[in-house]
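Trainee: Before we look at the charged pairs, could you show me the model and then take me through them one at a time?

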Amino acid sequence: MQPNESHSKWRIWVLASRPKTLWAAVSPVIIGTAMAFDSGGFHLVSALAALLGAMFIQIGTNLANDYFDFMKGADSVYRIGPTRVTQSGLVSPNETKVAAIVAFGAAILIGIYLVTRGGWPIVIIGLSSILCGVIYTAGPFALGYKGLGDLFVLIFFGPVAVGGTYYVQTLSINWQVLAAGIAPGLISVAILTVNNLRDVKGDFLAGKKTLAVRFGVSFSKSEFVIAIFLAAITPLVIWRISDAHYPAAATILLLPLAMPAFKKVLSGQSGPELNGVLVSTGRFLLFYSLVFSLGWIL
C-alpha cells in the first residue's frame, strides 16, 4: 500500500467515526469530572479512562449504526446527511462491522481498569451502554427504528454518563449529579432530533419510525427547542432546590447562542440545510459543559 493510500484509508476511518458527534460523549465526562473535583474526589486516571471509554463506545455505536442502517436499507441513495462509509462504498460492510467490534473491544479493555476501581456498578453501566449502542439499530426491536432513540440518548448521554464519571472517581453518587446529567442528555436529544428532522423522508420510506416520523415535523421542531431550553435552565433548578452552586446557572446565558439554530429549525429548513444545525448544536453542548463545569467549581 502506498503512503497516500494509507493516508486516505486513515481519513476514511476518521470520517466513519463521525468525530463531530463525539462532543456528546466528551461533554458528560467533563461535567462529571468537574463535580467530582468540587467534591474533593477528583481522580485523574479514572477521569481519563472514563473519557476514552466513552469515546470508544460512541465510535463503536456510530460504526454499528453505519453497518446496520446500511444492511436494513435506511442508508440508501436518498440519504442526505453526512457521508456514511458503508453506504457510499468507501469500505465494505464486513470492514465496518469489524471496526465496530474493535472499538467496543477497546472500550471493554479500558473498562477493566474502571471496574477494578468502581466494581459492579461500572460493569452494569459499561455493558448496558455497549448493548444499547448495538441494538440502537440492530435486531428486530432496534431502538432507533421504534422511536425509542430519544429516550436512550437522554438516559445514556445524560445521567448515566455524568453519574458514571462521578462515581468512578468519588465512589459515591448524589441527586445533584444525576440531575445535572439531565442537561447534556437533553442537548444530545436535540442533536438527534435535528438528525431525524433532516432524514424524516428517507426514514419514513425505510420504515424507521423515529419520533419525527411517528408524530410529525412540528412535534420534532418543538422537541428541539424545548430540549435546549430545559437543558439551559437545569442548573438554575438545581440551585433553587439546593441553594448551592449558583454560578453554574450561568448556562442560561448560552441561550442566545442557540437562537440561529432555533430560527433554522422553526423556519422549516430541511435536508442538507440542517447539517449546519447539527454542528452548531454539538458546539452548544461543548460550551454548556464548560460553562456549567466552571460555574460548579467556583
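Trainee: How exposed is Lys9, by relative accessibility?

Mentor: Bear in mind that this is a predicted model. Lys9 counts as partly exposed because its relative accessibility is 26%.

Trainee: Which residues does the salt bridge with Asp69 link, and where in the chain do they lie?

Mentor: The side chain of Asp69 meets that of Lys208 in a salt bridge, at 3.5 Å from N to O. The pair joins distant parts of the chain, 139 residues apart, with Asp69 in helix H3 (residues 44-72) and Lys208 in the loop between helix H9 (200-206) and helix H10 (211-215).

Trainee: Are Asp69 and Lys208 buried or exposed?

Mentor: The cut-off for a buried residue is under 20% relative accessible area. Asp69 falls in that class, and Lys208 does too, so the answer for both by that definition is buried.

Trainee: What is the N to O distance between Asp199 and Arg198?

Mentor: Both of these residues are buried. A salt bridge requires the nitrogen to lie within 4 Å of the carboxyl oxygen. The side chains of Asp199 and Arg198 meet in such a bridge, and their N to O distance is 2.7 Å.

Trainee: How many salt bridges are found in the whole structure?

Mentor: Among them is the bridge between the side chains of Lys9 and Glu95, at 3.6 Å from N to O. A search of the whole structure gives a total of 3.

Technical notes
Residues numbered from 1 in each chain as written. Predicted model: local features only at pLDDT ≥ 70, side-chain atom pairs only at ≥ 80, totals over all residues. Heavy atoms only, no water. Buried < 20%, exposed > 50% of the residue type's maximum accessible area, 1.4 Å probe, protein only. Helix = DSSP H or I, 4+ residues; strand = E, 2+ residues; numbered from the N terminus.
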